[in-house]
Number of protein chains: 2
Amino acid sequence: MIQNTLDTSPPRLIALDWGTSSQRAWLLGDGGRILDVRRPDFGLLGTTGDDPESRTRAYEAAFDEACGDWIAAAPDLPAIACGMVGSAQGWREAGYLTTPTDLAIGAGDLTAVPHPRGVLHLVPGMRVAPAADGSVPGDVMRGEETQIIGALGLLPPTDGPLTIVLPGTHSKWARVEDHKIVSFATAMSGELYGLVMAHGILGRTATTGVRDDAAFGRGLTTGTSVPSRGLPAELFGARALVLDGLLDPASLPDYVSGVIIADEVRHLLPHYAAGHRILLCGNADLCRRYAAGLRVHGMAADIVAEEAAAQGLWRVAIDAGLLDPDASTIPEKETL
Amino acid sequence: MIQNTLDTSPPRLIALDWGTSSQRAWLLGDGGRILDVRRPDFGLLGTTGDDPESRTRAYEAAFDEACGDWIAAAPDLPAIACGMVGSAQGWREAGYLTTPTDLAIGAGDLTAVPHPRGVLHLVPGMRVAPAADGSVPGDVMRGEETQIIGALGLLPPTDGPLTIVLPGTHSKWARVEDHKIVSFATAMSGELYGLVMAHGILGRTATTGVRDDAAFGRGLTTGTSVPSRGLPAELFGARALVLDGLLDPASLPDYVSGVIIADEVRHLLPHYAAGHRILLCGNADLCRRYAAGLRVHGMAADIVAEEAAAQGLWRVAIDAGLLDPDASTIPEKETL
């Protein structure tokens, strides 16, 4: 069947961003072009406490449901996945590469998971090893390393030091130097925002609002004030402003967003981006907010306002030799 | 009936700490001695969206249930309450005193709420007015002002500057100078701890634990590290430690407690307690944790390991003239 479509737009790779809370499956063609995309709902697969046998069956079934038809149509197509699927709670533990790590992930770094129709290759996570003296804290990511690799591919090549920021539930700040990820940090700012608005007094103080960029800017200013009173005090300050009639409860969410992003930026910018060019990658609105937070410190940022996981998976597949660099040929069917 | 017990232990005051999530009712005798205490469950009275009429009826019924028998036994007994009952969502809005505020609250500052059996006096909250230029952030408290007044009464008299810290869901740091509360700050540290452990990834990372003072100490050290990576990054660091096998998931709650308390202390200590004697007042375990957090900065603290609301209500009642300073006589029955 592949042969029938080779002269138009042959599929080259099945690529999955298989996270805990969201999943994406792409059928990629030459040069990583997206031929098809799906958003399978794997639900809470990663949080089940099943025994290994039944967990394997569950992942196999989920994988088959997500892209079994793609495999049936092109049984030799390589498949690759990043994210939670490779965690200890996933299909198979895919390990971590320890920083500094080369941006080109090798074939030996992937974990091959056999399934009834072939093999799925899992991308390893990355970790920062903590220093014994505590001077360097440890950190971990799984899935974001692939987005970082993809985002770098979307940029004009640069040799200078770069920091990639992926804003989100667990924001990542990754320092890239000499084509290596030399270190990174995670801030659970997005999770804190979600928690205080969904379950806390700030959520009960807010009313359903419209977007308020001015309130966001006020929050940024508060969260950047010197010296800082600390995030827990500045967050309560949002409630005080509402009780004092100085902040519309409908604008509280944007104000709180500003306070939390400012706190993250003020702390991580000097550690992870001093003297670096900065690239923001992810949701367009979040990137815009972080860019505003960086401007307060006189820093400009390039924005790649899209998720770069598909590009990253394509890049890893090339570097690991799953497909030809020019993607003009399809590799032999793999055997384990 | 009062007369029958005057020579032994006459009740002098009905005092209520009527907060949103917990309530206490005391029958106080000479010198503020506690003759009886109850923990009525007023449930979500403060969060109902009832119309004013039915809200009034609901508060009257709750008050009657809590201490109607005390009033029946001594109809002339004055009654006073602090906390949410005096908020905009409470029985009657009791307003705020703006700092700097004298520790002696005057009769004119109380709000008298008539009810079928007499009058309940509501203690006002306190607020810090924000400076127009943003240099001083605003803040509010309602209920804690009474605890502060009570805690000061439990200390040997001092004329020097003092900072009272009430650790809790919304920790308060109040600067007291020249017998005035000159300013204060609130940190929602306890709320953040509760949210991340109840609803966040840290709660899902932790296992049911035993108390681990060493893990708490490690968290304090991390949260005090210079320069700071910020609370959202240090919180995620707890998960990284567990994934790296460097922290027992059963010890994660104490580690996180240390990180959050250290963050609060490092930020609020220089603003609100520089050069001040420090008094911690509240839950014994929390006071112990905050004292450890202060020791990291070379600060000692006195601890009043009890809730001081009853003492505070007694003090306010005296200062406002609701009863004689020596509490040997009972005032005339009030009329509105």
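Modeller: Before we start, contact here means heavy atoms within 4.5 Å. And keep in mind that this is a predicted model.

Biologist: How are the two chains related, then?

Modeller: Chain A superposes on chain B by a rotation of 180° with 0.0 Å of shift along the axis, at an RMSD of 0.1 Å. That's the relation of a two-fold axis. The same surface serves both copies, with 100% of the contact residues of chain A recurring in chain B.

Biologist: Which residue of chain A comes closest to the rotation axis?

Modeller: That's A:Leu195, with its C-alpha at 3.1 Å.

Biologist: What area do chain A and chain B bury between them?

Modeller: About 3,500 Å², with 69% of it on carbon and sulfur atoms. A:Arg229, A:Pro232 and A:Phe236 supply 20% of the area that chain A buries against chain B, more than any other three residues.

Biologist: How many salt bridges cross the interface?

Modeller: Two by the rule. One pairs A:Arg127 with B:Asp244, where the closest N and O atoms are 2.8 Å apart. There are also ten residue pairs in polar contact between the chains.

Biologist: Switching topic, what domains is chain A divided into?

Modeller: Domain 1 is 11-149 + 310-320, and domain 2 is 187-304. Their centres, taken over C-alpha atoms, are 32 Å apart.

Methods: Residues are numbered from 1 along each chain as its sequence is written. Chains are lettered from A and ligands numbered from 1 in the order in which they are written. This is a predicted model: local features need pLDDT of at least 70, side-chain atom pairs count only at pLDDT 80 or more; totals for chains, interfaces and linings use all residues. Side-chain values use heavy atoms; hydrogens and water are left out. Domain bounds come from an automatic or database domain assignment. Copies are superposed by least squares on the C-alpha atoms of residues with pLDDT of at least 70 in both. Buried area is the accessible area (1.4 Å probe) that two parts lose on being put together, summed over both. A salt bridge is a side-chain nitrogen of Lys or Arg within 4 Å of a carboxyl oxygen of Asp or Glu. A polar contact is a pair of N or O atoms within 3.5 Å; within protein, one must be able to donate a hydrogen and the other to accept it, and residues adjacent in sequence count only if both atoms are side-chain atoms.
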